[in-house]
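Please look over the sequence and structure below before reading on.

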Amino acid sequence: MSNPIKRRINWVDQLKGFGIILVIYGHNFPFLESYIYTFHMPLFFFIGGLFHPDTINLKLIKKRANQILIPYFLWSFLLFLFWFFVGRKFGDSVITNYSPLKNFIGIFYAQGDHEYMSWGIPMWFLPAIFLSFLIFGLVKKINRLKYQILILFVLITMGFLIPRIFKTHIFWSLDVSLVALSFYALAYYLKAFILEKKTVKNQNLLFFVFFVMHLLCALFLLVKVDMYRSTYVNEFQFLLNAIVGIGFWVSAFKKIKEIKILSYFGKNTIPVLALHLRILTAIKLILWLTIGLKIFNFNEIEKIILVIVQLILLYPILIFINKYVPILNGKIKTKARN
């Protein structure tokens, strides 16, 4: 199998952009929250698996750490400092009174719910996907495919069992990372088919099949899940909903022509992940200062408008980050050679 495609693929960037917008929308507690949560985080693990290298070594691990872990820790310290000096003195944080020490520990623990990550819960995803990359890379060291699949089955099963047995959050969301191998590994093994440049025969039929399956799952098998909290309700149902949802949206975006705004946000998922809740806080502060609104009970239309405003406010920040501090987006700024 050839090495992962190095150039950017428009439909993948658009799919990531769609996914990160769903993250923003989902955190506004919309009517479609249960639907969104069935597949939006599995989708990001799936995309990660599409571009997993055939083999990993220390150089590749270091590169992936630069792309994921360094931005994670930089953003986490910045978000913690904002929370420590500003955030915890306003809103619900005053009532909950979470421990600053525990929240500082949460930067390194990287999975602790509000008690440990009140400064930025969405950041749990970055260490988790790094672990999925690392664990799957080690599994790939096994030569025979059947043994790889056997080990993956055991690891995924462990991921489901850990929260049931111990009922506690695991360092760097290890249990979630193991469950996520379901999507990460599936994407890797199917990437030759998924990333095929040529038009796939019966592509319209495949799209229709996924559409029907996705519709049926959404109508009859929908339950509220949350990977972050290891809440799956029914593990088989969770996997089915997630895989069918991913299949539908992958097949859909492979048919859609380029939507530049989606591609742009798809290339900037890390800073969007880090900042979208703080942007929401700023919007609420403005509403409070300007019209005196203190209770925020938005209707569905207002929640959609909120997402649009969040994206508009994020846009100039993303431009600044990419120009001056690209490391916050997982990019190393290189100096031009003479």
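## Charges

The protein carries 37 positive and 13 negative charges, whose mean positions are 13 Å apart. Here Lys and Arg count as positive and Asp and Glu as negative, while His and the chain ends are not counted. Each charge is placed at NZ of Lys, CZ of Arg, CG of Asp or CD of Glu.

## Basis of the model

This is a predicted model, in which local features need pLDDT of at least 70, side-chain atom pairs count only at pLDDT 80 or more, and totals for chains, interfaces and linings use all residues. Residues are numbered from 1 along each chain as its sequence is written, and side-chain values use heavy atoms, leaving out hydrogens and water.

## Overall build

The protein has 15 helices and zero strands, taken as DSSP runs (H or I, at least four residues, for helices; E, at least two, for strands) and numbered from the N terminus. Of its 338 residues, 48% count as buried, that is, under 20% relative accessible area, with exposed meaning over 50% and partly exposed in between (1.4 Å probe, protein chains only).

## Salt bridges

There are six salt bridges, each defined as a side-chain nitrogen of Lys or Arg within 4 Å of a carboxyl oxygen of Asp or Glu. One of them joins K224 to E33, with the closest N and O atoms 3.2 Å apart. K224 lies in the loop between helix 11 (203-220) and helix 12 (235-253) and E33 in helix 2 (residues 33-37), so this pair ties together parts 191 residues apart in sequence. K224 is partly exposed at 37% relative accessibility, whereas E33 is buried at 16%.
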